[in-house]
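Q: I have just opened this model and would like to go through it with you. Could we begin with the charged pairs?
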Amino acid sequence: MNVVLAKTETGRALSDAFIVARDRLPGTGQILEQRRQAFDAYERAGLPHRRLEDWKYTDLRALMREVLPLAPAPDAAALKHAEKTLKQHKVRGTRRLVLVDGVFAPKLSETADLEKGLSIRSLREVLEAGNAELQSQLFAFDVSNPMVALNTAMMTDGVVIEVAAGTVMSQPLHVVHIATGSVPAAIFTRSLLRLGKDAGVTLVESYVAADGAKAYQAHDSLVIAIGDNSRLDHVRLVEDSAEAANISSAVVTLGAHAHFNTFGMTSGASVSRYQANIAFAGEGSRVETNGVNLLNGKQHADTTLFMDHAVPNCASREVFRAVADDRAHSVFQGRIIVRPDAQKTDAKMMTRALLLSDEAEADNKPELEIFADDVTCGHGATTGALDESLLFYLRARGLSEKEAQSLLIQAFVGEAIESIVNDDLRELAVASAIRWLEARA
Amino acid sequence: MMSLLEVKDLQVRVEDREILHGLSLTVNPGEVHAIMGPNGSGKSTLSHVIAGKPGYEVTGGEILFKGEDLLEMAPDERAAKGVFLAFQYPVEIPGVATMNFLRTALNAQRKARGESEYSTPDFLKKVREVAKSLNIPQDMLRRGVNVGFSGGEKKRNEILQMALFEPSLCILDEMDSGLDIDALRIAADGVNALRSPDRAMVVITHYQRLLNYIVPDFVHVMSRGKVVKSGGKDLALELEASGYAQFEDAA
Ligand SMILES: Nc1ncnc2c1ncn2[C@@H]1O[C@H](COP(=O)(O)OP(=O)(O)OP(=O)(O)O)[C@@H](O)[C@H]1O
Ligand SMILES: [Mg+2]
């Protein structure tokens, strides 16, 4: 089976991959109908290209060319391979939930002895036999975005996590996406995290590849609903293999007096896009989103955030740091909308890019749309090279050029990493950054 | 005996302007040399060229360090071989913790010399000792490198590094500027403690006062990119009395 999913510029014939894959996708009836509509929407649009405003820096037709066929479900060998990979990515003190080639792997996951108030199921289970409300929440994404539409049509599995009202979990949950990539293929996942009122949890997501994984595409999506007075800490590390693509979307809604602290770092994947819509639905809530890109070679990484201040008295902070070496290309698009009723909004966005070579590129597109008059909003952006006088000071003290650069790069991204509250997870992010720095040395 | 540092007829340009016009200076192990001279005469330029700062074009002459061509070496190589410059204006490096910087630098130098790296406890012990002798509070070491340090604290941090790295050539570029009387004495004591038969110091200063604390073997007067007069420690007293005007024409 080698099916081309997208209409490409070259006019290659489109086979109906959805028809081919349909039997393997969970859900029937209404769900199947929604998938079909989503696939139609995708098919009409095809892969996004630079003439679409939202994708002008990230032309997937040029960067990805085509959508690969659906990955086969992991067999025993793939699971074994994944288990080896998992060992290198275990995070102390977390509860692991593992997806292998887009399929939930109960044997590699820790689903026994769940805390009271915590429920974990696979997406497949929920789509096949879940309640209607959960199912509709899983279809909350706007399919006018072609990559969301494709994901909606093809989502194969994922984890559905519910934290009941009043449940504050001390143990973080770690969702590990492992691609074994025995053949070049695409993985489609969707997960959901729902926190009731007065709840709290920490969610870590890692995207990793098993040794020798072939070119693969990880298409992921995440629905997050944070109840009143609840808090979610979220860390996302994209460490996919150098040939992989990672296209991920998130929709987040916050109730009143809720708190969402999210950190994302992309050091892997040849092409990646993370698009997140964060909406305030209740007053007195706060969002901190921090991001780091560490790119080299010909890597392309795009972070596109949409912060929707729909109600008054909420605050958002966006801090983004990009480091690009060689011919890498980092993109940050941050759109903040303050709707007419959203008085006393406090929204700030600061992005800084560090270019380590003349051919590296960083694009930054901030957009503020403010329809309320009593607000504090601001954004700032800088792009530059490493400071020569600081480099010289360090070298005069005995550090090699690479060591001096590493120290300054760590300091540069440190401000964003510092935002991670949990010590172990902050160390995890630091370790990931150091791995990247050592690999370039 | 081989000289530690030999600067021979050095000519240096910065952005198409010649700053040093044939400067010579020889420093032997165990000696302390003072360099004095008016603003803009090229003292810091000389120290930067010795340390290997980019942006300077050497158009003539040479610098030998322990008999080797210093100008061929990268700045970190020079540091590992024992060249240390205490900067006139130390930079602030936000986000790089002082302790982490000190350890990385010390171990990089040791590694380059083929020596074993310090263990964490040994390193901490050493830093604490040196910091204590220089009256540097632990709190300063927990901050980013020089971040939020007062002018005097930055200078003390330079002396701390010098004591830690134990270089064979110490160049101190106006270490006395910005130091109050007590801090000056403490810093000078720190420098004097490092005096040894196989280590040399080059002390750049505008003030004779420093030389009461760090007593030089030789004093050189620089003017317009050259050494125009050399003598013993009395030359500094003479300068204090008569100023630099007498040398302006000589250059
Ligand atoms: N990067 C540069 N570009 C242009 N001119 C420079 C540069 N660096 C130094 N100079 C010039 O070279 C001359 C010597 O400067 P230098 O800093 O070496 O003097 P100095 O003797 O250390 O002075 P001071 O006593 O004020 O510290 C000055 O005229 C200065 O303006
Ligand atoms: Mg000077």
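Predicted model: local features only at pLDDT ≥ 70, side-chain atom pairs only at ≥ 80, totals over all residues.

Q: Which residue forms a salt bridge with R273(A)?
A: The partner is D302(A), with the closest N and O atoms 2.8 Å apart. The pair links distant parts of the chain, 29 residues apart: R273(A) lies in strand β12 of chain A and D302(A) in strand β14 of chain A. Strands (E, at least two residues) and helices (H or I, at least four) are DSSP runs, numbered from the N terminus.

Q: What is the volume of the largest cavity?
A: Its volume is about 260 Å³. A cavity is a set of points on a 1 Å grid over the protein atoms alone where a 1.4 Å probe fits but cannot get out, and lining residues have an atom within 4 Å of a point. The volume is the space filled by probe spheres set on the points, which are joined across faces, edges and corners.

Q: Which residues are closest to its centre?
A: Of the 28 lining residues, they are G264(A), Y274(A), G291(A), T303(A) and L305(A). The strand β11(A) gives the most to this lining, with six residues.

Q: Now the interface. How many residues of chain A are in contact with chain B?
A: In chain A, 15 residues are in contact with 30 residues of chain B, contact meaning heavy atoms within 4.5 Å.

Q: What area is buried there?
A: About 1800 Å² is buried between the two chains, and carbon and sulfur atoms give 71% of that. Buried area is the accessible area (1.4 Å probe) that two parts lose on being put together, summed over both. On the side of chain A, F392(A), Y393(A) and R397(A) lose the most area to chain B, together 44% of what that side buries.

Q: How many salt bridges cross this interface?
A: The rule finds two between chain A and chain B. R397(A) and E158(B) meet through their side chains in a salt bridge, at 2.7 Å from N to O.

Conventions:
Residues numbered from 1 in each chain as written. Chains lettered and ligands numbered in written order. Heavy atoms only, no water. Salt bridge = Lys/Arg side-chain N within 4 Å of Asp/Glu carboxyl O. 1 Å grid on protein atoms, 1.4 Å probe; cavity = no way out; pocket = protein on both sides within 12 Å on 5 of 7 lines; lining within 4 Å.
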